[in-house]
Amino acid sequence: MKRALRIVVPLVLLVVLCAVTCPSTEKHSVKLKNEFNEHLNREIDINSKNDPDTELKQFSAFLGSGMMTMFLENNLTVKNYGVCSVGYINFRGKSNKVSVGILGTVFTVSFDDIQKQLFGF
């Protein structure tokens with residue numbers, strides 16, 4: 001009996017901890033926006049100091065970030081399974097898994113993989 005309690009009690013505590021710290025839709029959205037912004041900054045090389053087009057690149061990043069926010073508001077669905085949550089982007093009639101949240105942390109698929117899933121390139 002004592003051995004069973006040593007196994008069951010920690011498992012129950014772990015399940016309760018996962019349930020209490022399960023990430024919300026907002027956390028999934030913020031993580032995906034940050035992933036997109038990092039990808040966008042890498043692609044347009046916004047950190048160049050001597051680039052004459054720095055202001056244009058910053059403006060492009062600003063527009064891209066705003067468009068991504070609107071896209072996620074309309075197409076992101078998060079399913080909560082009690083102990084974890086999974087984020088899906090609904091696009092072109094398909095539902096693509098893009099994030100998993102557990103213990104208060106959201107893990108995303110790399111943005112390159114998201115781009116391949118959504119657009120095929």
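A search of the whole structure finds 0 disulfides, a disulfide being a pair of cysteine sulfur atoms within 2.5 Å. Cys84 is in no disulfide either, and for Cys84 the nearest cysteine sulfur belongs to Cys22, 6.4 Å away. Cys18 counts as buried because its relative accessible area is 8%. Buried means under 20% relative accessible area, exposed means over 50%, and partly exposed is in between, with a 1.4 Å probe and protein chains only.

Before I go on, a word about the model. It is a predicted one, in which local features need pLDDT of at least 70 and side-chain atom pairs count only at pLDDT 80 or more, while totals for chains, interfaces and linings use all residues. Residues are numbered from 1 along each chain as its sequence is written, and side-chain values use heavy atoms, with hydrogens and water left out.

Now the confidence. pLDDT is the predictor's confidence in each residue, from 0 to 100. The mean pLDDT of the protein is 79, and 76% of its residues reach 70 or more.

Next, the overall layout. The protein has 4 helices and 4 strands. Both are DSSP runs numbered from the N terminus: helices are H or I with at least four residues, strands are E with at least two. Starting at the N terminus, the order of elements is α-α-α-β-β-β-β-α. Of the 121 residues, 28% count as buried. Contact here means heavy atoms within 4.5 Å. Among contacts with a separation of 6 or more, 50% come from residues 24 or more positions apart.

On to the sheet. The 4 strands form an open sheet in the order β1-β2-β3-β4, with antiparallel pairing. Two strands pair if DSSP finds at least two bridges between them. β1 and β4 are the edge strands, each pairing on one side only. From one strand to the next, the twist averages 30°; axes are lines fitted to C-alpha atoms, for helices over the stretch in contact, and angles run from 0 to 180 degrees between N-to-C directions.

There are two hairpins to look at in the sheet. In one, β1 and β2 (residues 84–91) pair in the antiparallel sense over 5 bridges. The hairpin has 3 residues between its strands, and Gly82 in the turn has a positive phi of about 90°. Lys79 stands opposite Val86 in β2. Val78 is in contact with Thr25, His28, Ser85, Val86 and Gly87, leaving aside neighbours within four places in sequence.

In the other, β3 (residues 94–102) and β4 (residues 105–108) pair in the antiparallel sense over 4 bridges. Here 2 residues lie between the strands, and Leu103 in the turn has a positive phi of about 55°. Gly101 has Val106 of β4 as its bridge partner, and Val100 stands opposite Phe107 in β4.

Now the inside. In soluble globular proteins, nonpolar side chains tend to be buried together. A nonpolar core is a set of buried Ala, Val, Leu, Ile, Met, Phe, Trp, Tyr and Cys residues joined through side-chain atoms within 4.5 Å. Which residues make up the largest nonpolar core? It has 10: Leu32, Phe36, Leu40, Met68, Leu72, Leu76, Val78, Ile89, Val98 and Phe111. α2 (25–44), α3 (54–75) and β1 (76–80) are the elements that give two or more residues to this core. α2 gives the most, with 3 residues.

Ser29 is also in α2, and counts as buried because its relative accessibility is 9%. Not counting residues up to four places away in sequence, Ser29 touches Leu72 and Leu76.

Is Asn74 buried or exposed? Asn74, found in α3, is exposed because its relative accessible area is 65%. Asn75, also found in α3, counts as buried because its relative accessibility is 19%. Asn75 is in contact with Tyr88, Ile89 and Asn90, again leaving aside neighbours within four places in sequence. Asn74 and Asn90 are 16 residues apart in sequence and 8.8 Å apart in space, C-alpha to C-alpha.
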